Amino acid sequence: MLHYFNSRSRGRGAWLLMALTAFALEMVALYFQHVMLLKPCVMCIYERCALFGILGAALVGAIAPKTPLRWVAILIWIYSAVEGVRLAWEHTMIQLHPNPFTTCDFAARFPQWLPLDKWLPSVFVATGDCAENQWSLFSLGMPQWMTIIFAAYLVVALLVLLAQFFTPKKRDLFSR
């Protein structure tokens, strides 16, 4: 199995598939925000940024998957997935265990050199409350679903990282 993951990480197809899934999730988030009129909170915006990190990692990996750039993409992918899990879990705890002393900020804090909320306010401005559960599916709220999604990205990323130490089988190299 690890040989298979190694061979797939050396081709563009898997990286582009990952980019497609991250892009689709971003489009779903924008649909929720602009069509269903759900208000994203600060934690939602930060989780959105982590998802953009995964999208960016996928695009970096797709540029030159047979070069050391693949390692950079894997590291970006792991970092973004870890941050996504951390943020989504924190958001889940805010919703499941409301506490007046544990709240989120009113506005996202981006670095001065990257003011995403000023450049693209329709995507990066937070208008909602982190403690409010506005949507659920199968009794799980959005932050719980995002925890599962980021955990899945992280598990696959760790498998791909581990697979880098196994050489792909010759039949996998020629099946692309």
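Where does UniProt place the feature "transmembrane region"? I began with the record: the unreviewed UniProt entry gives this feature at residues 12-33, 45-64, 71-89 and 145-166. I note at the outset that the model I am reading is predicted.

**Entry 1: overall layout.** I looked up the secondary structure and found eight helices and two strands in the protein. I then read the elements along the sequence, and the pattern is α-α-α-α-α-α-β-β-α-α. For the extent of the protein, I recorded that its C-alpha trace spans about 55 × 35 × 30 Å along the principal axes.

**Entry 2: two of the annotated stretches.** I compared the record with the model, starting with residues 12-33. Over this stretch the chain is 100% helix and 0% strand, and its end C-alpha atoms lie 31 Å apart. I next took residues 71-89, where the chain is likewise 100% helix and 0% strand. Here the end C-alpha atoms are 27 Å apart.

**Entry 3: H2 and H3.** I turned to the packing of helix H2 (12-34) and helix H3 (42-63). Their axes come within 8 Å and cross at roughly 155 degrees. An angle over 145 degrees counts as roughly antiparallel, so H2 is roughly antiparallel to H3. I noted the hand of this crossing as left-handed.

**Entry 4: H4 and H7.** I then examined helix H4 (residues 69-96) and helix H7 (residues 142-163), which pack at an angle of about 155 degrees with their axes 8 Å apart. H4 is therefore roughly antiparallel to H7. The crossing in which H4 passes H7 is left-handed. What kinds of residues make up the contact of H4 with H7? I recorded 21 nonpolar residues, seven polar and no charged.

**Entry 5: the largest pocket.** I looked up the largest pocket and found about 440 Å³ of space in it. Its lining consists of 28 residues, and the closest to its centre are Ala29, Phe32, Cys44, Met142 and Met146. Which helices each supply at least two residues of the lining? I listed H2, H3, H4 and H7. H2 gives the most, with six residues. I sorted the lining by residue class as well: 17 are nonpolar, five are polar and six are charged.

**Entry 6: summary.** The lining includes six charged residues, whereas the contact of H4 with H7 has no charged residues.

Definitions and conventions
Residues numbered from 1 in each chain as written. Predicted model: local features only at pLDDT ≥ 70, side-chain atom pairs only at ≥ 80, totals over all residues. Heavy atoms only, no water. Axes fitted to C-alpha atoms, helices over the stretch in contact; angles between N-to-C directions. Helix = DSSP H or I, 4+ residues; strand = E, 2+ residues; numbered from the N terminus. Parallel < 35°, antiparallel > 145°, perpendicular 65-115°, else oblique. Left-handed = near helix turned anticlockwise from the far one by under 90°. Nonpolar A, V, L, I, M, F, W, Y, C, P; charged D, E, K, R; others polar. 1 Å grid on protein atoms, 1.4 Å probe; cavity = no way out; pocket = protein on both sides within 12 Å on 5 of 7 lines; lining within 4 Å. Points joined across faces, edges and corners; volume = space filled by probe spheres on them. UniProt positions renumbered as here; feature names shortened; annotations may be inferred.
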